[in-house]
Amino acid sequence: MAITAKDVKDLREMTGAGMMDCKKALAETDGDVQAAVEFLRKKGLATAEKKAGRIAAEGIVTTVVSDDAKKATIIEVNSETDFVAKNEVFQNYVNGLATQINNNDYADMAAFLAATSDIDSSATVEEHHKAMVAKIGENLTIRRFESLTGDAVASYIHMGGKIGVLVEAVCDNYTDAVQEAMKNVAMQIAAMNPSFVSRNEMSQESLDKEKEIIVDSAINDPATLPKPLLNAVLDEAVAGSAMSDEDKAVIAEKKNDKYLFNFLSNEGVQVLRDIANTHKAEYVENKIFNGLVDGRFNKHLKEICLVDQAYVKAEDKESVGQYVAKVAKDNGCTFEIKSFVRFETGEGLEKKNEDFAAEVAAQING
């Protein structure tokens, strides 16, 4: 019986097995679809669709950089277990995916999955992926990828693929020293997980939102309010009826004690929060309170903005921005960090909590 392309396609959709495996199965069974399904099942190839429902929160992040260091790609592919993530076949597969992306331009994941696989030219990336699921025996998920293109790019992989980073720089002379500096910056990003290159990337709306959060957090932590404002809140609490007599007595005795809040009840502290919140409009106009907020705001920006962060490899208090500027000066070149991408394996995914004892017990009882 002649095997048509449609027959192979239909069998692939039914089983999730690879194209060549489906073709072979149909040839072995004289085109009998049901027998071909059984053939694939016996070979362990018709399992990809079933595996696709299982949680894949392990895996690895891999990066690939072009030879001219002007384009780089980062990809995360998830597996069910860390054991598979350490498998050389799996790692080579992920590296192959990253290489294909880096050698091409795909608008999104859908376009990449629909493209012809560089690993198996007889299949699309998605079709070959299903074959890999069957081969490896676990659900695998191509979760995300991103590419950077610029004057210079560099990458860094941490903990064997648990964290991956790409860095793009504006640079007119990509020396060995600049390359090393970019690698160091990538390590900084892996360790400190900034959100932005600099505060210039943040919209005014984002800046206003961050400041609003700091204002609210300061008001809801009355112990940290400037002393004049805190004393006014304490006086109002003592004069009011919401606070218990016990807490009022504590305030009367320890008002100037820096450990005052250790002696107040949770209910008493909540009363102080409530009072402070009624004065929010007044506080945002207060010079002392604004000084407190600005200090916290600037500290927060130094934590989330890469160039403002303290450079972890510096012996002094040099920032990342100062380190990059020094490298540029020492090498007589233009060198600025433009963008970065940081992937952490499984971030945001719910990991499966295996309880093998309970699973065995359930099977026995079942």
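The face of helix H12 turned away from its buried side carries the exposed residues Asp245, Glu246, Ala252 and Glu253. Exposed means over 50% relative accessible area, buried under 20%, and partly exposed in between, with a 1.4 Å probe and protein chains only. Helices (H or I, at least four residues) and strands (E, at least two) are DSSP runs, numbered from the N terminus.

The model is predicted: local features need pLDDT of at least 70, side-chain atom pairs count only at pLDDT 80 or more, and totals for chains, interfaces and linings use all residues. Residues are numbered from 1 along each chain as its sequence is written, and side-chain values use heavy atoms, with hydrogens and water left out.

Stay with H12. Its buried residues are Asp247, Lys248, Val250, Ile251 and Lys254. Seen down the axis of H12, these fall within an arc of 155°, so they line one face of the helix. The arc is that of the directions from the helix axis to the C-beta atoms. An α-helix has 3.6 residues a turn, so residues three or four places apart point the same way. What covers the buried residues of H12? The cover includes H11, H13 and H14.

Take Leu264. Leaving aside its neighbours within four places in sequence, Leu264 is in contact (heavy atoms within 4.5 Å) with Asp247, Val250, Ile251, Val269 and Leu272.

Three strands form an open sheet in the order E4-E5-E6, with antiparallel pairing. Two strands pair if DSSP finds at least two bridges between them. E4 (152-158) and E6 (335-344) stand at the edges with a single partner strand each, so one side of each is left without a neighbour in the sheet. Neighbouring strands are turned by 15° against each other on average, direction ignored.

Seven bridges pair E4 with E5 (residues 163-171). Ala152 stands opposite Ala169 in E5, and Tyr156 has Val165 as its bridge partner there. Four residues separate the strands in the hairpin of E4 and E5, where Met159 takes a positive phi near 55°. On the other pairing, nine bridges join E5 to E6. Here Cys171 stands opposite Phe335 in E6. E5 is mostly covered, with eight of its nine residues buried. Helix H9 (residues 176-192) lies across E4, E5 and E6, running at about 135° to E5. Axes are lines fitted to C-alpha atoms, for helices over the stretch in contact, and angles run from 0 to 180 degrees between N-to-C directions.

Another strand pair is E1 (residues 60-65) and E2 (residues 71-78), antiparallel over six bridges. Five of the six residues of E1 are buried. Ile60 has Val77 as its bridge partner in E2. In the hairpin, five residues lie between the strands, and Ala69 takes a positive phi near 60°.

Next comes a helix pair. H6 (residues 88-102) and H8 (residues 125-136) pack at an angle of about 170°, with their axes 11 Å apart. They are therefore roughly antiparallel to each other. Angles under 35 degrees count as roughly parallel, over 145 as roughly antiparallel, 65 to 115 as roughly perpendicular and the rest as oblique. H6 makes the contact through Val89, Phe90, Tyr93, Leu97 and Gln100, and H8 through Val125, His128, His129, Met132, Lys135 and Ile136.

Beyond its neighbours within four places in sequence, its contacts are Gln188, Met192, Pro194, Lys302, Glu303, Glu318, Ser319 and Val320. Asp330 lies in H17 (residues 320-331) and is exposed, at 54%. Ala35, in H3 (residues 33-42), is partly exposed, at 26%.
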